[in-house]
Amino acid sequence: MTALTDSSAWQTLSSLATDIKTQHMRDWFENDPERATKYTQAACGIELDFSKNLITDEVIGALQGLMTSTKVAEKRDAMFAGDIINHTEKRAVLHTALRNFSGKPVMVDGEDVMPEVMACQDKIKAFVETIHQGERKGYTGKALKQIVAIGIGGSFLGPKIMSEALKPYWFDGVKVHYVANVDGCHIQDVLATVDHEETLVVMSSKSFSTQETLQNTLTAKDWFLRSGGKQEDIAKHFIAVSSNIKAATEFGMAEENIFPMWDWVGGRYSLWSAIGLPIALTIGYDNYRALLEGAFEMDQHFLTAPAEQNLPMILGALGVWYINFFGAQSHVLLPYYHYMRGFPAYVQQLDMESNGKRIAGEQTPTDYETGPIIWGSEGTNGQHSFHQLIHQGTVVIPADFMLPLNVPNQDDTHHAMLASNCFGQTQALMQGKTFEECKADLASKGLDESELNSLATHKTMPGNKPSNTLLFEQLDPKTLGALVALYEHKVFVQGAIWDVNSFDQWGVELGKELGNQVLDKLVNQGAALNFDASTNQLIAKFRAANQ
Ligand code: F6P
């Protein structure tokens, strides 16, 4: 037992879960007409209906007790205060400082970082304006209006997915293309569509050491020079976002064209920094600023709202309830909005790279599950793909449905259909369809008794499947900023309960290290193969196919 599983809060929840498993949500809705109202909270333009969950007032109280006993609020305050909570890398965690519009200082190593944060925002604003006004020219005098944004992980997902989600706000005349994968198809496809004379490459890499990003940028540099550019023109067409200024200048970037990052901002939390430059180039600085303001408002909500109204705490606690007491191993995100189709992939890195951990505190292996598998896709597409398993499968998969109540250029028929599917799915997951109801439906089909019972059994929908529904007026930049911050803080709450370090990512190091060793054998055909037999044979097959 660890302190967590041995705690009275945990034991209380464990016994409550046993009782809850004997009940059905359908009955709770029938017996309490106020249930939906009681379990709906709103903040920052987001309304959260969490009534279709396996919860009662008693469960909510016990979950709040768990957050109290695991000091979630104190840990939250420590993060915002700049304490060294990323203890394995000895760093503060201050992505919240990047959107801190309170006017209050944020101290790191005894120094207020806000002046440099704001200076970076001014640098972004000025840069975006020179591009949007066509003032920034390439070496032949053409305005730079094709942007090739190279990065991966948090240096790619945030910029690409937030830009995609805010399509109604795109600035006409500037096009941003994203490249992430080291698969040459990606960079080649993009470079084939742009004219080097009007192209600006934005290389984003906090470390400036990520293999994929470095290689893609080298390929882009080679392309630029082969297309007619000269070495002395590189500074006009290549800029960087990185905390590694030295490496970036050695690469050939002009220092004035390197946007800073800080060690106290994790990659998966960095879209609020200059990593978000491609977003600002796509939607304009004012809209980008609104994104940050939305996140700031959610920060204030997270800091001040009582637990029963606190959206990140509600979502975080509910996730722990299902993972640790109902055996849920995954959580599905279902944005019913085409422009948000990338949102599950964004939260995948945010959640899984933060809480995919197995050590609590200083060095205690957990005896409880931690981070869930995050997956999902846009609604209604998932209904024709994986919803079968969510409805009739054997595991609990909590679902977050999201729907803007209005969309740009709205076609009322389409939008009503989208909303009806979203609401219908949450209803079906909750109430299901009993064997008796299915049998009654089949009564007139002329089946004999055994056929009737068999088919009715297969058609029975257990229901009692938990879901949250998040509604917002429209997905404008401010609402999107609040939504992303909501999930950032949900992840924080869960990591705090599990006492894991949500802010390092040691698990990605070994794969990179071994990959580099294998690369050496692939590029040096004669090099001796001294790995395991499987890896050796895989290398041999690659060598044979690429002689
Ligand atoms: O390898 C994982 C990771 O470090 C992510 O945390 C990060 O977002 C991504 O790689 C890219 O890192 P960088 O911005 O340093 O290139």
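Student: What does the side chain of Ser207 do with the ligand?
Tutor: In this predicted model, a polar atom of the Ser207 side chain lies 2.6 Å from an oxygen atom of the ligand.

Student: And Lys512, how far is its side chain from a ligand oxygen?
Tutor: There the distance is 2.8 Å, between an N or O atom in the Lys512 side chain and an oxygen atom of the ligand.

Student: How much of the ligand's accessible area does the protein cover?
Tutor: The protein covers 87% of the 390 Å² that the ligand has on its own.

Student: Where does the ligand sit, and how many residues surround it?
Tutor: You'll find the ligand in the largest pocket. Around it are 13 residues, and the closest are Ser155, Ser205, Ser207, Thr210 and Glu353.

Student: Let's switch to Ser270. Buried or exposed?
Tutor: Ser270 counts as buried, because its relative accessibility is 1% and the cut-off for buried is under 20%. Ser270 belongs to the loop between strand S9 (258–260) and helix H12 (277–283).

Student: Which residues does Ser270 touch, leaving out those up to four places away in sequence?
Tutor: Ser270 touches Gly154, Met261, Val265, Ile275 and Gly276.

Student: OK, helix H7 next. How many of its residues are buried?
Tutor: Eight of the nine, so to speak a mostly covered helix, spanning residues 157–165. Among the buried ones are Leu157, Ile161, Met162 and Glu164.

Student: What do the buried residues of H7 pack against?
Tutor: They pack against strand S6 (175–179), H12, helix H15 (343–355) and helix H20 (477–498). H12 is also the helix at one end of the Ser270 loop.

Student: Now the backbone. Which peptide bond is cis?
Tutor: The one from Gly379 to Thr380 is cis, with omega near 20°. Thr380 is in the loop between strand S13 (373–376) and helix H16 (387–392).

Student: What about phi at Asp109?
Tutor: Asp109 has a positive phi of about 50°, though it is not a glycine. Asp109 sits in the loop between strand S3 (107–108) and strand S4 (111–112), and counts as exposed because its relative accessibility is 75%.

Student: And Asn409, what's its phi?
Tutor: Positive again, about 50°, and Asn409 is not a glycine either. Asn409 is exposed, with a relative accessible area of 79%.

Technical notes
Residues numbered from 1 in each chain as written. Predicted model: local features only at pLDDT ≥ 70, side-chain atom pairs only at ≥ 80, totals over all residues. Heavy atoms only, no water. Helix = DSSP H or I, 4+ residues; strand = E, 2+ residues; numbered from the N terminus. Buried < 20%, exposed > 50% of the residue type's maximum accessible area, 1.4 Å probe, protein only. Contact = heavy atoms within 4.5 Å. Near = heavy atom within 4 Å. Polar contact = N/O pair within 3.5 Å; in protein donor to acceptor, adjacent residues only side chain to side chain. Areas by Shrake-Rupley, 256 points an atom, 1.4 Å probe, with all protein chains shown as cover. 1 Å grid on protein atoms, 1.4 Å probe; cavity = no way out; pocket = protein on both sides within 12 Å on 5 of 7 lines; lining within 4 Å. Sits in = over half its atoms within 2 Å of the grid points.
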